[in-house]
Amino acid sequence: MPRPTAPVTDTHCPYCALQCAMSLTRTAAVDAVAPRLPVDVAGRDFPTNRGGLCKKGWTSAELLARGDRLTTPLVRDATGELVETSWDAALDLVASTVLRIRDERGADAIGVFGGGGLTNEKAYQLGKFARIAIGTSRIDYNGRFCMSSAAAAGNRAFGIDRGLPFPLEDLDSASTVLLLGSNVAETMPPFIGHLVGAQAAGGLIVVDPRRSATARLTETGRGLHVQPAPGTDLVLLLGLTHIVLAEGLADEAYLAERTTGLDGLRRSVSAWWPERVQSVTGVPAPVLRDVARRLAASDGTYILTGRGVEQHVDGTDTATAAINLALVLGLPGRPGSGYGTLTGQGNGQGGREHGQKCDQLPGYRKITDPEARRHVAEVWGVPVESIPGPGLPAVALLNRLGEPDGVHALLVHGSNVVVSAPNVQTVRDGLGRLELLVVCDFFLSETAALADVVLPTTQWAEEEGTMTSLEGRVIRRRRALDAPVGVRSELWIMHELARRLDAPGRFELDPSIVFDELAAASAGGLADYSGLSHALLDTGLAAHWPFPVGSGGTPRLFTERFAHDDGLARIVPVRPPKVSESPETGEELTLTTGRLLEHYQSGTQTRRVPELDDARPEVFVQVHPATAARLGIVEGGLVEVSNRRGALTVRASVDGDIRHDTVFLPFHYPGDASANLLTQDAVDPISGMPDFKRAVVRLRPAADAPLPEATAPGALR
Ligand code: SF4
C-alpha cells in the first residue's frame with residue numbers, strides 16, 4: 001500500500017487533455033473496519049473543469065491501491081514465463097542486449113515508442129535518451145494516432161501547432177460553435193460546461209455520423225446535428241466554404257490583411273456546390289446552407305475539430321479544410337471567435353513538443369533544421385553530428401518490427417500498442433519477431449505481458465512533473481504519495497540505462513532539473529518554455545506557451561499575426577483523396593471506432609476500476625435497427641464483425657443513433673475483442689495518422705460463437 005506524504009495535494013487528473021484539477025487528501029488507508037483508498041479525490045476549482053470531474057477522474061485513486069500493481073522488474077526466463085528479478089539484473093540485461101544489437105545491426109535497429117500520457121519531463125528525456133544514449137533515429141509515440149493530422153494542418157496554415165490557441169473559457173461567450181468529430185460529452189464531460197452559452201443561444205452544431213451524447217446536446221432549441229457519411233467530412237467542409245464564398249459571407253477585409261492563398265481556395269471549392277455535396281455526404285443542401293449562414297451571421301463563432309474528422313488518410317487535409325472555413329469567416333485571432341482542435345491524451349500537447357516525434361527536437365523544432373540541431377546539441381553537451389536525423393512515424397516503425405531493415409529491439413514507455421495500434425495483428429506479429437521488447441508500465445498491460453523485460457514505474461499521484469493541457473497551459477503534476485517499494489520513475493530508469501550504455505550528456509533524476517533543461521532546449525523554438533520553472537508554475541500562474549524568458553506567456557495566439565515569417569495564415573487548397581477502402585457490395589458497412597465515457601484509451605487503467613468496468617464490461621457493436629433487421633441481428637445477440645484483416649465476435653447494441661450504413665466499435669478492449677483487429681494501417685501521407693475511422697466490414701449473426709475471453713466482465717479483477 002502506498003504511503004501518504006502531505007495531507008492535501010493539489011494536482012490534476014491522470015487521464016485526458018482537459019487535465020481537470022483535483023485535490024488528493026490522504027486517508028487512514030489501513031483501517032481494519034472499513035479499508036479505504038490511500039487518498040480521497042475531490043474536484044478543484046480551475047478554469048477548465050470548475051471543480052467538476054468525470055467518473056474516470058473521481059475513481060482514479062482506485063489505481064493506487066490495486067493488488068496487481070507491478071512492483072518488481074520482470075524478465076522472461078528460459079521456459080517463457082515472466083519472473084521477478086532485481087533492478088540491476090533487469091537493467092544489465094536491457095543494456096547488454098541493446099549494445100549487442102547496436103553493434104550487430106546499427107543504432108536504428110533499436111526503436112523507442114513513447115506515449116502522450118508521459119509528463120513533459122519524461123517525454124523530453126525520452127527523446128534525448130533515444131537520440132544520444134542509444135543513437136537511434138527511430139523514436140515515435142502513440143500521439144501519432146491522436147493529434148498528428150491536426151498538428152500538421154496547424155503548422156501548415158498557422159506556422160504553429162497549439163490545439164486551442166485560446167483559453168477554454170473564451171468558449172463561454174460563444175454564440176455559435178461548430179464541433180466536428182468530437183464527442184466531448186463522453187470523452188471529457190466537464191468540457192460541455194463551456195458549450196452551455198452556445199447551446200442556450202441555439203448555436204451548437206455537431207457534425208458526427210453517430211447521434212452521440214454530444215450530438216444530443218443539440219436537441220434543445222435551434223441546435224443542429226449534422227450526420228454525414230463517415231469519411232466525407234472533407235467534402236462537407238468544402239461545401240460549407242463554397243457557400244460562404246458564393247453567398248458573399250466571407251470576411252474579405254480579414255482575408256486581405258491576414259491570409260494568403262485565397263484564389264486557390266476559390267478554385268478548389270468551386271465544384272462543390274451544395275447539391276453535389278449532398279450527394280456525397282448525405283447532408284441535405286438546405287442544411288448545408290443553414291450551417292454556413294449561421295456560422296457567418298454570429299458574432300462569436302468557433303470551429304473545433306476532433307479525432308472523428310482527423311483520424312483518416314485525408315486527416316491533415318480535412319483539418320486544413322476546417323481551418324480554411326475558419327479563415328474565410330475571419331475567425332482565428334479575432335476576439336470572441338476562433339478555431340481550435342481538441343487534444344485527447346493527458347499530455348497529448350506537451351508530449352509532441354519536446355522530442356518524442358520522429359522529426360522533432362525540443363521546443364517543437366524541426367530535426368532537419370541546422371540551427372535547431374546546433375542549439376539542442378549545445379544544451380545536451382554533444383557534437384551536433386551525433387544527433388540522428390528524422391526517423392519513422394509510428395505506423396511505419398511498428399510495421400517494420402523484426403524486418404531486416406527494421407527494429408529488432410523496442411523500448412515502450414506508457415503505451416499499449418497491442419490494443420491501440422491500427423491493424424493490430426500486424427503489430428502483434430512484429431513484436432513476436434523482436435530480439436528484445438522492454439515495457440515500462442505500472443500494470444501488466446497486454447503489451448507488457450508480451451515483453452522480455454518489464455520495468456515497474458510510478459503513477460501520476462506518485463510523481464512530480466508538468467503536463468500541458470489542451471489549451472497549451474503548462475500545469476504541475478504533484479506527488480501525493482510515495483510509490484510502492486520497488487517502483488522507479490522513468491527518469492531514474494533512463495539515468496541508469498544511460499550510465500550502462502556509457503552515454504554522453506547528463507540524464508538528471510530530479511524532474512525540476514529536467515524541466516529547467518527542457519526549458520533551455522526549447523528556448524527560441526515555437527513551443528518556448530524558457531521562462532518557466534516548477535517554482536514559477538507552483539505560484540498558480542496561468543502559463544500558456546510560448547513563454548520565453550521575460551514574457552507573461554501567450555494565452556491567445558494569432559491576435560496580431562500568425563507564426564509564419566510574413567505573419568500571414570496560409571490558405572491551402574485541398575481536394576478529396578481517393579478513398580482508401582470502400583464497400584464493394586451492398587452487404588458491407590463502414591466501421592468507425594471511438595471511445596466510451598467509462599474508459600480511457602487501451603483501458604489498461606480504466607478496465608481495472610470496478611465501477612467503470614461494471615458499467616462497460618465488454619465490447620459491443622452499435623448497429624442501426626434497419627441494418628440489424630436486414631441482417632437478422634437482434635439486440636444483445638452475438639455478431640461476427642469481420643473483414644480481410646480479422647474478425648470479432650461481439651454483442652449487438654441496436655439503436656437508431658447511428659447511420660444505417662455505419663457501425664461503431666469502442667477501441668478500449670484487448671485480445672480478440674480489439675476493434676483494431678479490423679482497422680486499416682493506411683496512413684495520411686503528410687501526418688502519418690492511420691485511418692481509424694473508416695474500415696469496410698461485414699456483419700452476420702454468430703449465435704453459437706463464444707464471447708472473446710478478454711471481454712468477460714471483470715477480466716482484470
Ligand atoms: Fe479526467 Fe478528462 Fe474526466 Fe477531467 S474529463 S476528470 S481530465 S478524464
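1. Leu178 has 0% relative accessibility, so the residue counts as buried (under 20% relative accessible area; exposed is over 50%, partly exposed in between; 1.4 Å probe, protein chains only). Leu178 sits in strand E8, residues 176-180. Strands (E, at least two residues) are DSSP runs, numbered from the N terminus.

2. This is a predicted model, where local features need pLDDT of at least 70, side-chain atom pairs count only at pLDDT 80 or more, and totals for chains, interfaces and linings use all residues. Residues are numbered from 1 along each chain as its sequence is written, and side-chain values use heavy atoms, with hydrogens and water left out.

3. What does Leu178 touch, leaving aside neighbours within four places in sequence? Its contacts (heavy atoms within 4.5 Å) are Ile205, Val207, Leu240, Val291, Leu295, Tyr302, Ile303, Leu304 and Leu325. Val207 is 29 residues from Leu178 in sequence, with 7.6 Å between their C-alpha atoms.

4. Strand E20 spans residues 473-477. Five of its five residues are buried, so the strand is largely enclosed by the rest of the structure. Arg473, Ile475 and Arg477 point one way; Val474 and Arg476 point the other. In a regular strand, side chains alternate between the two faces of the sheet.

5. E20 pairs with E19 (residues 465-468) in the antiparallel sense, over four bridges. Pairing requires at least two DSSP bridges between two strands. Gly465 is opposite Arg477.
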